[in-house]
Amino acid sequence: FVLGDTTYASCCPDEIGAQHLGAHVIVHFGQYACLSVSDSLPVIYSFGMHEWPGLEKCADQIVGQVREMEEDGGEGEEN
């Protein structure tokens with residue numbers, strides 16, 4: 001499920017909207033971000049377009065980690 005929020009280029013990701021939809025992670029696209037720490041959901045920031053050969057592998061790993069968190073009841077590893 002992807003939410004195309006209207007807060008593009010806004011500094012802060014919409015954590016409340018994402019929580020209402022049962023999101024597991026937020027991907028924030030845009031040039032501006034305050035990079036504040038999220039207390040509720042992991043946030044991945046994307047600042048622009050760039051060709052990256054490892055994109056598919058990275059996306060697969062993110063999906064795998066989200067699935068593991070779901071299987072563990074939402075408890076992820078802390079770094």
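Analyst: Helices and strands are taken as DSSP runs, a strand needing at least two residues, and they are numbered from the N terminus. In this predicted model, strand E1 spans residues 26–29 and includes Phe 29. The protein has 2 helices and 2 strands, which follow one another from the N terminus as α-β-β-α.

User: What is the mean pLDDT of the protein, and in which element is confidence lowest?

Analyst: pLDDT is the predictor's confidence in each residue, on a scale from 0 to 100. Here the protein has a mean of 77, with 77% of its residues at 70 or more. Confidence is lowest in E1, where the mean is 81, and highest in helix H2 (residues 55–71), where it is 87.

User: Which residues make the nonpolar surface patch?

Analyst: Nonpolar side chains are joined into a patch when they lie within 5 Å, provided that each residue has over 30% relative accessible area. In this case Val 27, Phe 29 and Ile 44 make a patch of about 260 Å². The protein as a whole exposes about 6,700 Å², of which carbon and sulfur atoms supply 54%, and buried residues make up 11% of its 79 residues.

User: Which side chain does Ser 38 join through a polar contact?

Analyst: A polar contact is a pair of N or O atoms within 3.5 Å. Ser 38, in the loop between E1 and strand E2 (43–46), has its side chain joined to that of Glu 15 by such a contact of 2.9 Å. A polar atom of the Ser 38 side chain also lies 3.4 Å from the backbone nitrogen of Ser 40. Leaving aside residues up to four places away in sequence, Ser 38 touches Glu 15 and Val 43.

Terms used: Residues are numbered from 1 along each chain as its sequence is written. This is a predicted model: local features need pLDDT of at least 70, side-chain atom pairs count only at pLDDT 80 or more; totals for chains, interfaces and linings use all residues. Side-chain values use heavy atoms; hydrogens and water are left out. Patches are made of residues with over 30% relative accessible area and no salt bridge: like charges are joined within 9 Å, nonpolar side chains (Val, Leu, Ile, Met, Phe, Trp, Tyr) within 5 Å. Accessible areas come from the Shrake-Rupley method with a 1.4 Å probe; for residues, only the protein chains shown count as cover. A salt bridge is a side-chain nitrogen of Lys or Arg within 4 Å of a carboxyl oxygen of Asp or Glu. Helices (H or I, at least four residues) and strands (E, at least two) are DSSP runs, numbered from the N terminus. Buried means under 20% relative accessible area, exposed over 50%, partly exposed in between (1.4 Å probe, protein chains only). A polar contact is a pair of N or O atoms within 3.5 Å; within protein, one must be able to donate a hydrogen and the other to accept it, and residues adjacent in sequence count only if both atoms are side-chain atoms. Contact means heavy atoms within 4.5 Å.
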